Amino acid sequence: MKMLVDSANISEIESLLDSLPIDGVTTNPALIAGEKRPFKQQIKEIRRLLPDHLPLHAQIIGKDCAGMMEQAKDLHDWLDGNVWIKIPVTKEGLRAIQQLSKENFRITGTAVYTAAQAVLAAKAGAGYVAPYVNRIDNEFGDGAGTVKTIVGLFSMYGFHCKVLAASFKHKGQILSVMEAGSHEATISPALFGKLASISRYRPGY
Ligand code: E4P
């Protein structure tokens with residue numbers, strides 16, 4: 001399973017790239033706003049940190065299809081290389097995904113809470129869907145189960161779309177989506193730290 005960092009913080013991303021086998025970066029508007037720097041400057045700097053073989057999944061902010069398409073095109077103009085545009089899988093988002101994928105944009109359908117949303121995003125042309133595991137756990141009860149269902153449906157119907165599980169609050173959720181067969185997961189720097197640490201280990205013992 002590929003593991004990406006979910007962050008907009010330059011030094012956290014740099015430090016993780018240096019120390020762990022990281023497969024890319026995801027961001028969202030809330031994470032970027034937390035850095036208190038202009039959106040365009042921050043997103044460009046994040047892309048520059050990454051070698052081209054590592055993807056950046058960058059999220060748009062617009063609410064309607066026209067606004068989402070405009071922002072997707074801005075991101076495409078600002079960022080060189082390996083970029084996936086994250087679009088929430090709403091009714092308007094699905095319209096944008098359908099149109100942008102016809103124009104060969106690479107799209108990640110994000111804020112996915114149900115398998116039905118995931119299938120619709122895949123049919124509309126998304127290359128990834130991002131189910132929000134912790135939020136599903138909180139609202140309906142089984143985030144990893146939803147991931148497993150989506151992976152099974154994509155395989156059963158031959159969709160090329162992949163599952164990038166997101167929104168984790170503890171290590172157990174990450175292990176559960178691995179067992180559920182998620183192709184990828186995006187993880188906060190704080191949780192990466194916990195995954196990499198063995199609390200009982202003491203040097204010399
Ligand atoms: C995914 O790409 C999102 O940025 C993120 O995982 C959402 O997580 P949250 O539930 O912590 O906001």
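In the predicted model, Met178 is located in helix H9, which spans residues 171-179. Its relative accessibility is 37%, so Met178 is classed as partly exposed, the class between the cut-offs of 20% and 50%. Together with Met1 and Leu175, Met178 forms a nonpolar surface patch, and the accessible area of the three residues together is about 260 Å².

The largest pocket has a volume of about 320 Å³. Its lining comprises 19 residues, of which Asp6, Asn28, Arg135, Ser167 and Lys169 are the closest to the pocket centre. At least two lining residues are supplied by each of helix H2 (29-34), helix H7 (133-139) and strand S8 (184-187). Divided by class, the lining of the largest pocket contains 8 nonpolar, 7 polar and 4 charged residues.

Backbone geometry was also examined. Most residues other than glycine have a negative phi. Lys36, which is not a glycine, has a positive phi of about 55 degrees. This residue belongs to the loop that joins H2 to helix H3 (39-49). Lys36 is counted as exposed because its relative accessibility is 74%, against a cut-off of over 50%.

A positive phi, of about 70 degrees, is likewise found at Asn104, also not a glycine. Asn104 is placed in the loop between helix H5 (91-102) and strand S5 (107-112). With a relative accessibility of 68%, Asn104 therefore counts as exposed.

How values were computed: Residues numbered from 1 in each chain as written. Predicted model: local features only at pLDDT ≥ 70, side-chain atom pairs only at ≥ 80, totals over all residues. Heavy atoms only, no water. Patch = residues over 30% accessible without salt bridge, like charges linked within 9 Å, V, L, I, M, F, W, Y side chains within 5 Å. Areas by Shrake-Rupley, 256 points an atom, 1.4 Å probe, with all protein chains shown as cover. Salt bridge = Lys/Arg side-chain N within 4 Å of Asp/Glu carboxyl O. Helix = DSSP H or I, 4+ residues; strand = E, 2+ residues; numbered from the N terminus. Buried < 20%, exposed > 50% of the residue type's maximum accessible area, 1.4 Å probe, protein only. 1 Å grid on protein atoms, 1.4 Å probe; cavity = no way out; pocket = protein on both sides within 12 Å on 5 of 7 lines; lining within 4 Å. Points joined across faces, edges and corners; volume = space filled by probe spheres on them. Nonpolar A, V, L, I, M, F, W, Y, C, P; charged D, E, K, R; others polar.
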